[in-house]
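Open the model in your viewer and keep the sequence panel beside it. The tour below goes from one selection to the next and says what is found at each stop.

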Amino acid sequence: MTLESLEKTAAEGPPPESPATAGEPTLPEPPPSAEKRFLRYGMMPHMLCPGCGHGIVFEAMLRALSSRYEQLDDIAFVAGIGCSSRVVGYVDACTLHTTHGRPLTFATGLKLARPELKVVVVTGDGDGLSIGGNHLIHAARRNVDLTCVLFNNEIYGMTGGQLAPTTIPGAYTSTSPQGNAETPFDAARLVEAAGATYVARAQSYRTREFEEVFLQALDHRGFSFVEVMTDCTEYFGRTNRLGNGADLLFSQARVEPAIDADLAGRSTLQEVPPRPVRPVLEMGVLHESSRPTLDQAMKLSGAGS
Ligand SMILES: Cc1ncc(C[n+]2csc(CCOP(=O)(O)OP(=O)(O)O)c2C)c(N)n1
Ligand code: SF4
Ligand SMILES: [Mg+2]
């Protein structure tokens, strides 16, 4: 159903009763919610699995954008390849679906050529930290004036659940059938050390906080990075027997000691099996600083003239 037809239905009210439903109460379809204004209806249905954390984060992104913008004509969304990267195709804005691991290179060129655009890169932990890891640290080092949102589901979702550089120790994946023996990256701290001037971490479990740091990142001048913990129900969840999408969200909450204590007494909470153990992660704004952006530094050196 298109946005226009939704609006038309909402304005006209319910269709006439058919004999089968005669007598039953019918309600008009609700008007589209604010964040749905920015959906590309022609791209529906989307390809995300039921319960996938990426959908929760994507909806939160749209909600944050709709709280700030009437239209998205001055924002360009750039993504690589992966289930996370795929979501930019569903935003009604300027979008660029690039090659695996390279969204930051396309985005850097775009920002230098069209400085008036706000550029937002959406990447995954495989896209941004494996094949694209080198581009990520250099974009941070150069302080390119853009926002990068990295959806970290600790696995390669799109290609069948392979080990990623973010997979937690002990986790089973299709390429670590004995359990992961490697030490994962701390994406946020890596990017901070490389020179990013705004770094935050959020969870799909608490979307309001994600929306807040996402908007702050958009306002920041320089390389802003938001790592958002999400869950792949199909591969990470099933392979590690962590339950369904809701169970996975609870397991995210339990890496925060304060929330864990609050949830521990609730009988509805399904116990998370002991392996793999999710590490306690710092959330919120982890770093904020200011220094010349790549375009400013180029102008100062005469390279950009
Ligand atoms: C050059 C190249 N190598 C490998 C692939 C296969 N590939 C596509 S997506 C992907 C991993 C994506 O993982 P991530 O970025 O974490 O996204 P997720 O699906 O987990 O959201 C891989 C290896 C590719 N498309 N191109
Ligand atoms: S494979 Fe995993 S990451 Fe990809 S859409 Fe399904 S649940 Fe989400
Ligand atoms: Mg991933």
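Start at ligand 1 and select helix H5, which supplies 3 residues, the largest share of the shell around this ligand. This is a predicted model. Now show the residues that come nearest to ligand 1: Gly 82, Gly 124, Gly 126, Asp 127 and Gly 157, out of 18 around it. Two elements give two or more residues to this shell, helix H3 (83–86) and helix H5 (125–131). Coloured by class, the shell around ligand 1 shows 8 nonpolar, 8 polar and 2 charged residues.

Stay on H5 and pick Ser 130, which lies in this helix. Is Ser 130 buried, exposed or partly exposed? Ser 130 is partly exposed, because 18 other C-beta atoms lie within 10 Å, whereas a buried residue needs 20 or more. Leaving out residues up to four places away in sequence, Ser 130 touches Ala 164 and Pro 165. Next, draw a distance from Ser 130 to Tyr 156: the C-alpha atoms are 9.9 Å apart, and the two residues are 26 apart in sequence.

Move to ligand 2. Select the residues around it, among them Cys 49, Cys 52, His 54, Cys 83, Gly 157 and Cys 232. Which helix gives the largest share of this shell? It is H9, with 3 residues. By class, the shell around ligand 2 holds 7 nonpolar, 4 polar and 1 charged residues.

Zoom out to the whole protein. It has 12 helices and 7 strands. Of its 305 residues, 40% are buried. Among contacts with a separation of 6 or more, 67% are between residues 24 or more positions apart.

Then look at the interior. In soluble globular proteins, nonpolar side chains tend to be buried together. Here the largest nonpolar core has 56 residues, and Val 121, Val 149, Phe 214, Phe 225 and Val 226 have the most contacts inside it. Select helix H2 (residues 53–68), which gives 8 residues to this core, the most of any contributor. Another core, of 11 residues, lies apart from the largest one and includes Cys 83, Ala 164, Cys 232 and Tyr 235.

Setting aside neighbours within four places in sequence, Val 226 is in contact with Val 149, Ala 200, Ala 202, Val 213, Phe 214 and Ala 217.

The last stops are in loops. Select Pro 45, in the loop between helix H1 (3–12) and H2.

Next select Asn 143, in the loop between helix H6 (133–142) and strand S4 (147–152). Asn 143 is not a glycine, yet its phi is positive, about 55°. Asn 143 counts as buried because it has 24 C-beta neighbours inside 10 Å.

Finish at Arg 241, in the loop between helix H9 (233–239) and helix H10 (245–253). Arg 241 is also a residue other than glycine with a positive phi, in this case near 50°. Is Arg 241 buried or exposed? With 11 C-beta neighbours inside 10 Å, Arg 241 counts as exposed, since the cut-off for exposed is 12 or fewer.

Conventions: Residues numbered from 1 in each chain as written. Chains lettered and ligands numbered in written order. Predicted model: local features only at pLDDT ≥ 70, side-chain atom pairs only at ≥ 80, totals over all residues. Near = placed C-beta within 6 Å. Helix = DSSP H or I, 4+ residues; strand = E, 2+ residues; numbered from the N terminus. Nonpolar A, V, L, I, M, F, W, Y, C, P; charged D, E, K, R; others polar. Core = buried A, V, L, I, M, F, W, Y, C linked by C-beta atoms within 7 Å. Contact = placed C-beta atoms within 7 Å.
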